[in-house]
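Thanks for coming, everyone. I'll keep this brief. Please have a look at the model first.

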Protein chains: 2
Amino acid sequence: MEAGPGVKQKRMTILDVAAMAGVSVGTVSNVLNGTITVSEARRQRVLDVIKELGYSPNMLALGLRRKRSPVVGICVPQTSIPYFSALMEAFEEVAAAHGIEIMQVLSQGDAQIEYQRIVSLLKYRVGGLLIVPSKDPSATYEMIAASGVPTVVVERAPDDDFAFDRVTFDNHAVMQRATQGLIDRGHRSILFIVSEAGLIVNQQRIAGMRAAADPVGVHIRVLEGGRDQSTLTARLAGELQNEPRPTAIVVSTSTFAAWVLRAFRVLRIDCPRDISLLSFEQPEWEDLVTPKLSVVSRPTREIARMAWTFLMRRMRNEAEIPQRIQLDAEVIFRESVRHI
Amino acid sequence: MEAGPGVKQKRMTILDVAAMAGVSVGTVSNVLNGTITVSEARRQRVLDVIKELGYSPNMLALGLRRKRSPVVGICVPQTSIPYFSALMEAFEEVAAAHGIEIMQVLSQGDAQIEYQRIVSLLKYRVGGLLIVPSKDPSATYEMIAASGVPTVVVERAPDDDFAFDRVTFDNHAVMQRATQGLIDRGHRSILFIVSEAGLIVNQQRIAGMRAAADPVGVHIRVLEGGRDQSTLTARLAGELQNEPRPTAIVVSTSTFAAWVLRAFRVLRIDCPRDISLLSFEQPEWEDLVTPKLSVVSRPTREIARMAWTFLMRRMRNEAEIPQRIQLDAEVIFRESVRHI
DNA sequence: CTGAAAGCGCTTACAG
DNA sequence: CTGAAAGCGCTTACAG
């Protein structure tokens with residue numbers, strides 16, 4: 001009887017390959033991924049049989065035996081945010097090139113969910129972990145440390161935390177530079193709109209802002225933008241009652257940039273004549289709107305590559321003390337910021 | 001000796017739990033996920049021990065034994081495209097709710113890469129597969145069918161393919177409706193800009209366009225937009241030499257929408273006075289630009305949920321012949337399309 | 001309802 | 001360089 005289409009064929013195992021090639025399973029295993037050398041003749045024979053049989057190794061068995069799977073778990077808050085989806089895409093690209101697969105979970109920025117989702121990842125004995133942490137990741141950090149799984153923290157990390165490798169942006173320096181740029185253009189009162197002021201990256205940015213503003217007496221305020229357009233519009237309207245009224249707004253995400261531009265319409269504020277705008281995130285539409293948006297441009301692929309390099313090193317046990325690197329970002333002033 | 005922080009503790013196994021609870025491993029397994037009932041007293045004891053020991057099951061062992069892992073593999077072309085990242089986010093949400101993990105791979109729209117990436121997924125014995133296929137997925141389809149892994153095809157599928165469950169948009173109907181809307185507004189020559197004319201969804205859309213245009217003698221042209229802004233600008237400029245000159249452009253993606261708007265600036269074309277624009281994809285900036293963009297709005301979460309429902313059903317072996325569903329989408333006309 | 005035992009498909013010391 | 005064998009941590013018939 002022939003095995004026609006639709007007939008499920010029995011999956012080949014390493015035993016089938018060994019039998020057909022006339023070698024032991026250990027030898028097959030060694031040609032596939034052993035540290036031990038196999039004589040060229042046998043090696044070739046095994047390879048031929050593998051191709052002929054269409055043998056595909058069972059990574060579950062491999063992972064069980066090695067107590068570690070060639071999979072990297074990645075936890076980010078969301079993927080609908082362009083910055084995170086760009087990160088994910090960069091990670092997938094480099095993972096595929098290394099023969100490693102990715103299990104992705106989302107924390108939604110919630111510490112509880114983050115904890116649970118990473119527990120799930122650990123059940124699969126992932127060989128490494130890449131995390132863009134939520135606001136309060138300490139319980140999660142403890143659990144990960146206890147598990148001993150190689151981990152690198154991306155993007156958000158407190159300055160005094162040395163438990164894991166980490167690759168971040170120098171939020172303080174970039175924001176100090178951005179603020180200086182606004183001050184140079186005559187702005188003396190600046191409003192910073194963030195998702196959560198408690199987020200470590202925002203604290204670093206606020207500190208950077210103050211480092212530029214305080215010495216010259218420039219006025220700084222921070223506002224949490226809220227979860228939707230109407231909340232932001234209302235809060236912004238309220239904020240603009242205060243004296244001194246801001247002449248420039250910095251937003252932490254491109255979503256906020258969009259919401260602020262819409263709020264400006266409702267509130268009949270002309271940008272940049274009345275108020276200037278700078279976005280810390282770079283949206284696809286940065287140069288489609290009028291006025292063209294001023295942005296901070298971050299090298300996403302670079303951060304992904306660095307994080308991956310760190311992780312691979314640690315998965316090979318080559319690393320010693322936790323490494324850290326801070327990448328720089330570029331501040332691009334366009335029409336949305338004006339000289340006063 | 002105490003096990004202080006930093007001291008890696010031996011991972012608990014089901015044997016440890018069984019020993020401590022004074023039952024057999026089979027019983028522990030049954031309280032965790034067995035079809036067999038366990039007496040309430042023992043059940044509670046096992047649960048207590050699990051909590052006390054911090055036992056977390058090894059899903060690699062489970063998957064190996066069951067010959068199928070509670071993981072769903074997802075293959076999409078890219079994640080940097082907002083539509084796909086929204087899909088991914090919806091999938092992750094529903095997966096987490098079902099206690100299932102996701103392995104994500106990217107095909108970059110290339111049939112070869114797609115094939116290889118799905119081969120990798122299969123090595124992990126994923127329990128199900130969700131695919132937004134590339135242009136020519138027939139070899140991949142064959143391989144998947146041979147593997148017997150439950151699969152649902154999302155978004156792109158030929159009309160005559162009945163091998164897998166599928167959930168798609170009714171591209172033909174939506175485009176016919178959109179085209180009718182343009183015709184109603186007086187447009188008699190329409191240009192459709194696509195990534196690849198060979199893509200099944202684009203063929204369906206072109207057919208829908210013709211269904212509305214041909215009977216009333218409206219002129220249709222199709223242009224491949226190319227891989228970058230400058231290519232698109234050049235091709236568009238060339239296309240506009242032809243008679244009759246289009247008075248309306250439809251683009252298949254929001255990236256093209258952005259590129260076309262930039263090309264309009266370079267070519268000194270006023271939208272919508274000279275040419276109207278309609279995007280088949282809904283960008284975040286749809287109402288930020290001037291003129292506000294006309295779009296087709298697709299219910300992403302709905303498609304994700306339907307696909308997941310189909311997949312779960314098939315993973316439970318409840319489905320018979322392949323199911324198919326076509327979702328509708330909404331055409332929203334805004335300032336970027338004018339009455340002639 | 002419960003337990004003893006086989007076995008999923010690999011890797012890796014261990015001898016030779 | 002090569003093979004025989006133990007064992008990774010589970011699930012699931014099979015008896016009782």
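I'll go through a helix pair, the DNA surface and the nonpolar cores.

Keep in mind that this is a predicted model.

Helices first. Take α2 of chain A, residues 25-33, and α3 of chain A, residues 40-53. Their axes are 10 Å apart, and the packing angle is about 90°. An angle of 65 to 115 degrees counts as roughly perpendicular, so α2(A) and α3(A) are roughly perpendicular to each other. Which residues make the contact? From α2(A), we have A:T27, A:V28 and A:V31. From α3(A), we have A:R42, A:R43, A:V46 and A:L47. By class, that contact has four nonpolar residues, one polar and two charged.

Now the DNA. There are 30 residues around DNA strand C. Those that come nearest are A:I14, A:G26, A:S29, A:A61 and B:G26. Which elements give two or more residues to this surface? In chain A, they are α2 and α4 (59-66). In chain B, they are α2 (25-33) and α4 (59-66). The most comes from α2(A), with six residues.

Last, the cores. Nonpolar side chains tend to be buried together in soluble globular proteins. Here the largest nonpolar core has 98 residues. A:F91, A:L130, A:A307, B:F91, B:L130 and B:A307 touch the most other members. Take A:L130. Leaving out residues up to four places away in sequence, A:L130 touches A:V72, A:I74, A:F91, A:V152, A:V154, A:A307 and A:L311. Another core, of 80 residues, lies apart from the largest one. Its members include A:F256, A:I275, B:A178 and B:V260.

How values were computed:
Residues numbered from 1 in each chain as written. Chains lettered and ligands numbered in written order. Predicted model: local features only at pLDDT ≥ 70, side-chain atom pairs only at ≥ 80, totals over all residues. Axes fitted to C-alpha atoms, helices over the stretch in contact; angles between N-to-C directions. Helix = DSSP H or I, 4+ residues; strand = E, 2+ residues; numbered from the N terminus. Parallel < 35°, antiparallel > 145°, perpendicular 65-115°, else oblique. Contact = placed C-beta atoms within 7 Å. Nonpolar A, V, L, I, M, F, W, Y, C, P; charged D, E, K, R; others polar. Near = placed C-beta within 6 Å. Core = buried A, V, L, I, M, F, W, Y, C linked by C-beta atoms within 7 Å. Buried ≥ 20, exposed ≤ 12 C-beta atoms within 10 Å, placed from the backbone.
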